[in-house]
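Visitor: I'm new to reading structures. Can you walk me through this one?
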Amino acid sequence: MPRKLAAGNWKMNGLAASLAEVETLAERFATPSCDVLICPPATLLSRMADLPRGAIEVGGQDCHANPSGAHTGDLSADMLADAGATHVITGHSERRADHGETDADVAAKTEAGWRAGLTAVVCLGETLAEREAGQTLGVVGRQLAGSVPDGATTAKCVIAYEPVWAIGTGLVPTLDQIGEVHSSIRSALVARFGETEGGGMRILYGGSVKPSNATEIFGVADVDGALVGGASLKADDFGGIISALEASVG
Ligand code: PGA
C-alpha cells in the first residue's frame, strides 16, 4: 500500500523568500511517516527542487497535454520533470473554471504527466449548486470516469476530492459527506482498476483543510491524505497537518 500523502498547492502564491518555509519543513520532518509534496508556482519549481529538502517532493500545478510546441506560456510535463518535479496536479477546479478545462482535457494532461514519469494528482469535486441539487455523487462519478485515463495505477495516480464550495472558503463538508464521496470514489476505482490498483489508489480530501480540522478528516474511511491550499503556505500550518496525518498512520 502506498503511504498517505500530504500535498500542498501553493497556487499563484510564493516568491523566492517563501522557499524558507520548505527548508523549515524539511528540518522538522526529516523522516516523515507519510509522503509530503509541495506544488509551488512554476517560477519556484527548480529552485525548490534544488533545496536541501529531504523527503519533501516537488510537483507542478498543471501541464500541457503535448510534450513541446508552439504554446506560449504553457509548460509540458517533461519540463516539469526536467525541473525536478515528481508529481503534477491535473484538473484542479480553478483550472476547470478559469481555463475551461473539460474532463477530456484533464485526461490528456494526466496521460502527458504519466508519459513524463510523473504521478498525477487528479482533482474532482462538485459545485455548491450541484451539491444542493443532490448531484454530488453523479458529478464526481462522471468527472472520475472522464478525467482518469485507463491504465491508472496506485503509483501513477492520486485522486483528490475537492468540493468547489469548500476551496478557500473555510467551509468544510461534514465528515459523513466526505466519507460518502470517498467511499463512492473507492468503489468506482475498484470496479474500474481492480482490488489492487483501485483499492490502493490514494484519495485525498481538499478544501479548507487546516491543522484544527485535519485530525478528524484523516479519521474518515478512505481519506488517504489531503490536498491543501492556503494552509500549505506556512511551514507551521502545513507542519500541523503533516503531523496530524502522521498520527493517523499510527
Ligand atoms: P484550500 O485549497 O486549502 O485553500 O481550501 C485547496 C485546494 O484548492 O487545493
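Predicted model: local features only at pLDDT ≥ 70, side-chain atom pairs only at ≥ 80, totals over all residues.

Visitor: Okay, which residues have the most contacts inside the largest nonpolar core?
Guide: Ile159 and Ile185 do. That core has 61 residues. Helix α10, residues 235-249, gives the most to this core, with 6 residues.

Visitor: What does Ile185 touch?
Guide: Leaving out residues up to four places away in sequence, Ile185 touches Leu124, Val140, Leu144, Ile159, Tyr161 and Ile203.

Visitor: And how many residues are in the second core?
Guide: There are 11 in that separate core. Among them are Leu37, Cys39, Val121 and Val158.

Visitor: Which residues of α9 make the contact?
Guide: Pro211, Ala214, Thr215 and Phe218. The α10 side includes Ile241, Ala244 and Leu245. By class, the contact has 6 nonpolar, 3 polar and 1 charged residues.

Visitor: Now α7 and α8. At what angle do they cross?
Guide: At roughly 35°, with the axes coming within 10 Å. The crossing of α7 and α8 is right-handed.

Visitor: Where does Ile185 come in?
Guide: Ile185 is one of the α8 residues that meet α7. On the α7 side are Thr136, Leu137, Val140, Leu144 and Ala145. The contact of α7 with α8 divides into 8 nonpolar, 2 polar and 2 charged residues.

Technical notes:
Residues numbered from 1 in each chain as written. Heavy atoms only, no water. Core = buried A, V, L, I, M, F, W, Y, C linked by side-chain atoms within 4.5 Å. Buried < 20%, exposed > 50% of the residue type's maximum accessible area, 1.4 Å probe, protein only. Helix = DSSP H or I, 4+ residues; strand = E, 2+ residues; numbered from the N terminus. Contact = heavy atoms within 4.5 Å. Nonpolar A, V, L, I, M, F, W, Y, C, P; charged D, E, K, R; others polar. Axes fitted to C-alpha atoms, helices over the stretch in contact; angles between N-to-C directions. Left-handed = near helix turned anticlockwise from the far one by under 90°.
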